[in-house]
Number of protein chains: 2
Amino acid sequence: MHCNEEKGQKFIKDIEQKKFLFSFVISYTETCEIPGITVAGADADFIKFTPPADAEFLHYGSCKSIDMIPMTPDGKPTPALLTKAALESASIPQVIINAGSKISPKLPYFHTGVTYGKNIAIEPGLEQSNVVHAIDYGRILGRTLASCTDCLIIGESIPAGTTTALAVLKSLGIDAHVSSSMPKNPKSLKNGVVEKALERSDSKEPYDVIANAGDPMIPFVAGMLSTASEITNVILAGGTQMAAVLAIAKSTGYDENRVAIGTTSYIIDDKDANLLDMVKSISDIPVLSINPKLEDSKFDGLRAYSKGFVKEGVGAGGSMIASILKTGIDSKKLLKLIDKEYSRVTTSQ
Amino acid sequence: MHCNEEKGQKFIKDIEQKKFLFSFVISYTETCEIPGITVAGADADFIKFTPPADAEFLHYGSCKSIDMIPMTPDGKPTPALLTKAALESASIPQVIINAGSKISPKLPYFHTGVTYGKNIAIEPGLEQSNVVHAIDYGRILGRTLASCTDCLIIGESIPAGTTTALAVLKSLGIDAHVSSSMPKNPKSLKNGVVEKALERSDSKEPYDVIANAGDPMIPFVAGMLSTASEITNVILAGGTQMAAVLAIAKSTGYDENRVAIGTTSYIIDDKDANLLDMVKSISDIPVLSINPKLEDSKFDGLRAYSKGFVKEGVGAGGSMIASILKTGIDSKKLLKLIDKEYSRVTTSQ
């Protein structure tokens with residue numbers, strides 16, 4: 001528990017043993033095509049398949065758009081594996097939202113008509129009309145989904161999303177340093193991209209900022225948050241990206257008393273990043289974190305998480321927190337389920 | 001209450017004052033392009049816009065794909081008006097599912113990849129692969145939606161859907177006579193279409209029957225029913241079409257103890273149709289009906305319902321039943337809300 005602890009205690013009390021719904025927002029920014037900026041996906045051609053493949057893995061336990069589950073080139077699995085184990089352990093239902101993914105997943109998903117984002121190093125990320133559309137449709141879906149649950153978890157998958165999040169936060173004047181899915185964060189590369197985006201515009205108006213430096217996920221989830229938090233509790237499941245959502249949601253409006261960020265301890269402990277300081281400077285909401293103790297896993301690919309690889313994504317942290325709050329399972333048992341899932345996946349493929 | 005009354009009482013007791021979720025399945029069959037077969041939509045070019053326009057009306061209170069709300073040529077409004085008033089009265093959330101609509105609605109909806117149906121008078125309604133796909137995706141969505149509620153209401157909008165339903169029921173050897181949105185049911189026209197479909201194939205195998213004589217809505221909702229009824233209570237909101245769903249769902253499997261058909265008294269009282277006999281011959285489930293007493297409405301367009309026009313659609317009957325069961329509102333108060341909605345719609349356009 002971090003930041004506003006009092007609110008955090010109240011938030012936890014409100015949702016313990018209640019109903020949860022996991023919504024998974026998949027999206028895309030061409031910013032991820034800059035060589036070296038992300039390891040989400042085994043190689044450059046594969047990156048665009050990562051968000052739909054994550055969605056398919058959550059649904060089916062295997063992928064349809066690609067032959068294997070998303071892994072780093074040396075075999076570290078997608079955080080969707082943690083998410084799936086967590087959601088299953090607590091029988092938490094899930095819906096997939098396509099908010100600008102370049103590839104559509106092969107399953108029933110919410111269609112939103114949101115277009116994928118451009119490479120912010122060379123041009124504005126989104127057209128203004130796409131920003132407005134994303135917020136509008138996010139607001140509609142946030143209202144619908146929030147009406148069906150006691151706690152809406154929102155997770156995301158957008159390759160290079162930390163870079164666009166960083167650009168949005170910096171554009172808004174927030175002192176931001178971000179995490180990465182790689183232990184050697186390609187900071188100078190990311191900062192170079194962000195600088196190029198910042199040079200194009202000095203507007204601090206939120207819609208301008210998203211259009212110039214953002215990606216489709218940020219306005220969509222900000223819209224969802226604004227209506228959903230009026231109706232129910234919301235866990236923004238992620239790190240830096242959710243800080244950017246929060247910063248933009250200031251202008252769409254949301255209920256600070258019904259929102260928490262839920263993430264992994266790997267993000268909180270990341271010395272390169274400053275999630276807690278960022279959140280504090282944006283909003284007075286609690287940040288919940290879970291240490292899944294992956295260093296105790298039987299498998300190299302999972303132990304790597306505790307050494308700074310991957311860290312978070314696909315709403316893994318928030319899902320694991322929800323599982324523990326709903327069922328009372330301890331993190332040791334959860335790790336057993338995660339190991340079991342890893343074993344299933346690596347032996348069946 | 002009709003058919004199995006004991007099960008009906010238990011069903012009602014299980015869902016009174018509970019949480020409901022309305023799912024609205026929009027679809028299309030080219031069968032509706034046969035002149036005179038339906039009045040769903042003001043004219044032939046408009047028919048394909050009726051399902052998405054109904055969905056938009058439920059969401060926004062106005063339509064985006066067309067300039068006005070769906071009406072018969074002489075101004076009788078879509079049953080979506082009853083549905084909307086009912087859902088709002090009880091704060092029942094709704095999701096839109098596009099299972100083969102020719103036109104996509106302008107709102108966030110579940111994309112399923114199901115293709116629209118062909119005119120069964122001249123060719124098979126669906127390819128076998130589309131039937132399998134519709135059932136598979138229906139099963140996935142049924143599971144997801146059922147996990148979010150105590151009672152899943154399933155409504156539909158598919159122009160000429162009673163004709164394809166009739167063809168499916170007759171192909172399965174069920175003695176079927178169906179309702180129509182017109183007081184002078186174009187029975188000979190419908191029967192002629194059905195005969196042409198039946199001449200093409202004499203297989204009674206359910207998948208063959210849907211492929212030859214059906215539409216995409218029927219297998220999709222049958223799939224939804226099969227998984228949803230394993231998890232929660234399901235109201236099949238409609239008349240003849242839901243009888244066809246039930247007949248097909250025999251092969252997908254479903255829990256008879258958690259399903260009821262919910263419809264209007266106009267369907268039950270329709271002397272041209274035999275819904276109750278059909279249901280009895282298919283399955284031992286209860287049929288719930290509501291008389292919305294539209295003859296007491298202030299408006300001609302709504303009073304027409306009690307004279308045999310429109311009768312049902314867009315899950316109107318099931319939604320009104322759900323409103324009453326959730327909130328305890330009486331049908332007089334519900335009529336007031338329906339009149340108010342009619343007044344709003346006709347004065348704002």
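## Basis of the description

The model is predicted, so local features need pLDDT of at least 70 and side-chain atom pairs count only at pLDDT 80 or more, while totals for chains, interfaces and linings use all residues. Residues are numbered from 1 along each chain as its sequence is written, chains are lettered from A and ligands numbered from 1 in the order in which they are written, and side-chain values use heavy atoms, with hydrogens and water left out.

## Extent of the interface

In chain A, 20 residues are in contact with 20 residues of chain B, contact meaning heavy atoms within 4.5 Å. The size of an interface is often given as the accessible area lost when the parts come together. Here the two chains bury about 1800 Å² between them, 68% of it on carbon and sulfur atoms; buried area is the accessible area (1.4 Å probe) that two parts lose on being put together, summed over both. On the side of chain A, Pro108(A), His111(A) and Cys148(A) lose the most area to chain B, together 29% of what that side buries.

Lys19(A) forms a salt bridge with Asp150(B), with the closest N and O atoms 3.9 Å apart.

Helix H2 (50–60), strand S3 (94–98), strand S4 (109–111) and helix H4 (128–146) of chain A each supply at least two residues of the side that touches chain B. Helices (H or I, at least four residues) and strands (E, at least two) are DSSP runs, numbered from the N terminus. The largest share of this side, 4 residues, comes from H4(A).

## Strands and symmetry

Strand S4(A) is joined by 3 bridges to strand S4 (residues 109–111) of chain B, and the two run antiparallel; strands pair if DSSP finds at least two bridges between them. Within this pairing, Phe110(A) stands opposite Phe110(B).

Chain A can be laid on chain B with an RMSD of 0.0 Å by a turn of 180° and a shift of 0.0 Å along the axis. The two copies are thus related as by a two-fold rotation axis. They are superposed by least squares on the C-alpha atoms of residues with pLDDT of at least 70 in both. Of the residues of chain A, Phe110(A) comes closest to the rotation axis, at 2.2 Å (C-alpha). The copies meet through the same surface, because 100% of the interface residues of chain A are also interface residues in chain B.

How values were computed
Salt bridge = Lys/Arg side-chain N within 4 Å of Asp/Glu carboxyl O.
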